[in-house]
Amino acid sequence: MYTEKILTYTEAVQNSKYIADCSDDTILSMNGNPMHKGFYNLVVSIRDVKLFIVGMKPHRHWKFNDTKKYFGLKGNKNKIAEQLEQLRSEYIALGEMDREQQNDYEDDGQ
């Protein structure tokens, strides 16, 4: 059975700016909802890399290597797109786990 390793917990990603931007002091307000700066950058980077794959540069100053460095990832554009999607899935799954733990904690307190 093949199991993917969890990218969020790899050393390169843990030492990246992305993880630092997912802390509680980097909360942005998007349409009135709180969002980590790192998650916002992740969603935008997924869009940008997909544009890059089809041959478009997202904007004049965008560089593919800057994206790889920010997230601590290595590989070609297709592998990076897959890894970014995996990071998004992991971020959402970790958020759901946190919410479940918070709900369990609140249920135990009553």
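Select Phe 52 to begin: its relative accessibility is 26%, so this residue counts as partly exposed (buried means under 20% relative accessible area, exposed over 50%, and partly exposed in between, with a 1.4 Å probe and protein chains only). The model is predicted, so local features need pLDDT of at least 70 and side-chain atom pairs count only at pLDDT 80 or more, while totals for chains, interfaces and linings use all residues. Residues are numbered from 1 along each chain as its sequence is written, and side-chain values use heavy atoms, with hydrogens and water left out.

Now colour the aromatic rings, among which the structure holds six aromatic pairs (rings of Phe, Tyr and Trp, the last by its six-membered ring, pair if their centres lie within 6.5 Å; planes under 30 degrees apart count as stacked, over 60 as edge-to-face and the rest as tilted). Trp 62 is itself buried, at a relative accessible area of 8%.

Next, select Phe 64, whose ring centre is 5.2 Å from that of Phe 52, with the planes at 20 degrees, so this pair is stacked. Phe 52 belongs to helix α3 and Phe 64 to helix α4, so the pair ties together parts that are 12 residues apart in sequence (helices are DSSP runs of H or I with at least four residues, numbered from the N terminus). Phe 64 counts as buried, at 14% relative accessibility.

Then show Lys 77, which lies over the face of Phe 52 at 5.4 Å from the ring centre (the criterion is NZ of Lys or CZ of Arg within 6 Å of the ring centre and within 35 degrees of the ring normal). Finally, select Tyr 18, Tyr 70 and Phe 71, which form one aromatic cluster.

Notes: Helices (H or I, at least four residues) and strands (E, at least two) are DSSP runs, numbered from the N terminus.
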